[in-house]
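User: I would like to learn how to read strands, sheets and helix packing from a model. Please take one feature at a time.

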Amino acid sequence: MLLPCAVVLLLLLGCCAGAARAQEMEARITVLNVSTPRVRIEGRRADATRVWSFRNAYGSLLGLGERIENLSLKDEKGGEVAVTKLAAGEYEAAREAVRWSYEVRLDAPTTVTNSAYASWLVSGRGLLMLGDLLPLMMDEKLAGKHVTRVQLELPAGWSALSIETRLPDGNFEVADVTAAVFFIGTDLRERRERVGQMEFSVAASGTWAFSDQDVMSMAASILKDYAQRTGSAPRVRAMLMLSPFPRAVGAERWSAETRGGTVMLLSGQSPSKVAALAQLSSPLTHELFHLWVPNGLRLEGNYDWFYEGFTLYQALVAGVRLHFLTFQDYLNALARAFDAYQAASRQQQLSLLEASRRRWTGSPALVYQKGMLVAFLYDLSLRQASRGKRELDDVYRALFQQAGAARRDGNEVLLALLNGQEGMLDFTRRYVESASEIELSAAVAPLGLRVERIGARTTISADGKLTRQQRDLWRAFGYNEDAQRALRRVSS
Ligand SMILES: [Zn+2]
């Protein structure tokens, strides 16, 4: 059954097609079937073209273009245009065409933890990501300028939530197709709150051990913390979409992705409220930081070591500040990262710059885990070098002060900022620009931390006799002397 917008749609796609503004794309997405999930997409693009391409790969996910079926094309006057398939997601038209119709199979990704990276549809809910549903714009200049009007035709009883602008006629106006996501389903709920300068929504589906308000409170506390630490509000509107996985998974699994101002978080469903919220806090602190880095910046290039590795660290420290994690949780996370880094670097010694260039072919542990360890060492080295006056957050504040500038190379900007802190030039040379090994034990011993290897695992703990300066340093990371003393009493 169709939504009651069919008349408007006829006007939009048919009668008025010729009069549409030049830089405008139109798309109608119709859910055809939910049990063998399939949508039909019809529309009109701004640039007449013979080259028709659809996203085939996204991160480690391959073969998305194979889901496109029954593509037919028309020219401006409505005449059929023959089309030949060249490869998955790649087509060539006999002559320039502007209108299209095709179907997309929307089975959930086979590897369930990829479910936040591509559109899917199951009984009761789905995620429609325009990046893999609409034809790619080959002309980048045009891709940045045109507006896409999107009409959704959903089964009876289904609704849609998105941060895209909803027009009075019920259609959506989308400025950036690659970032646009629509959460659709039969049981969608939305809570909206102003968090600092941002209008923030939680869109939820499914049954959880916690309430939607619990999620809103947790997200709002994280967002406020980041706004304060970075001195910046990255956008006016953002939305968290919280969904169960499209396939059955263990309670401890999650998959998340942040596009533009939309954070998609898919999670297993733990029956315990405390465990479920604890599990949610880790991907949530990480993904919400992506609203700032990289999505609130105009940087380009492969600076993944910073926007993934350093983000892992910033999220970890926020987790401690907001009491989701203890000081020992913080140390344990760094120890796990060190083990993953060591295992990866036994295979390959790469600088962070090089590891980022090879993120999808090399070892992701070097981008994520080594990046996180380098952020940790940078933060601590800077605090020491400046006698507690400067910290990694100062680099972020400086980064956002210049964020409005034109597009620039991420690596260049970040190296300049990290090097710009007094006494840190050698550090970035060693750990970011070259492949120097991280000698964790030697690096943290002067800070009063002990690194030990027990079996195959590394453990990090605070020394029994910290100096006053060391205690002051670690208090900022949740170090609590009484708790440490109690622990020592129990274990001795
Ligand atoms: Zn990330």
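Analyst: Two strands pair if DSSP finds at least two bridges between them. Helices (H or I, at least four residues) and strands (E, at least two) are DSSP runs, numbered from the N terminus. This is a predicted model, in which local features need pLDDT of at least 70, side-chain atom pairs count only at pLDDT 80 or more, and totals for chains, interfaces and linings use all residues. Residues are numbered from 1 along each chain as its sequence is written.

User: How many bridges join strand 7 to strand 8?

Analyst: Strands of a sheet pair through backbone hydrogen bonds, either parallel or antiparallel. Here strand 7 (residues 120–122) and strand 8 run antiparallel, joined by three bridges, and W120 has L127 as its bridge partner. The two strands form a hairpin with two residues between them, and G124 in the turn has a positive phi of about 95°. Strand 8 is also joined to strand 13 (residues 181–185), antiparallel, by five bridges; there G126 stands opposite I184.

User: Which residues of strand 8 are on each side, and are they buried or exposed?

Analyst: In a regular strand the side chains alternate between the two faces of the sheet. A residue is buried if 20 or more other C-beta atoms, placed from the backbone, lie within 10 Å of its own, exposed if 12 or fewer, and partly exposed in between. R125, L127 and M129 on one side of strand 8 are buried, as are G126 and L128 on the other.

User: What is the strand order in the open sheet of five strands?

Analyst: The order is 14-15-16-18-17, with mixed pairing. Strand 14 (189–195) and strand 17 (254–259) stand at the edges with a single partner strand each, so one side of each has no neighbour in the sheet. Strand 16 (residues 237–244) pairs with strand 18 (residues 262–267) in the parallel sense over six bridges, and M239 stands opposite T262.

User: At what angle do the axes of helix 5 and helix 6 cross?

Analyst: Axes are lines fitted to C-alpha atoms, for helices over the stretch in contact, and angles run from 0 to 180 degrees between N-to-C directions. Angles under 35 degrees count as roughly parallel, over 145 as roughly antiparallel, 65 to 115 as roughly perpendicular and the rest as oblique. The axes of helix 5 (residues 273–290) and helix 6 (residues 304–321) come within 9 Å and cross at roughly 125°, and the two helices are therefore oblique to each other.
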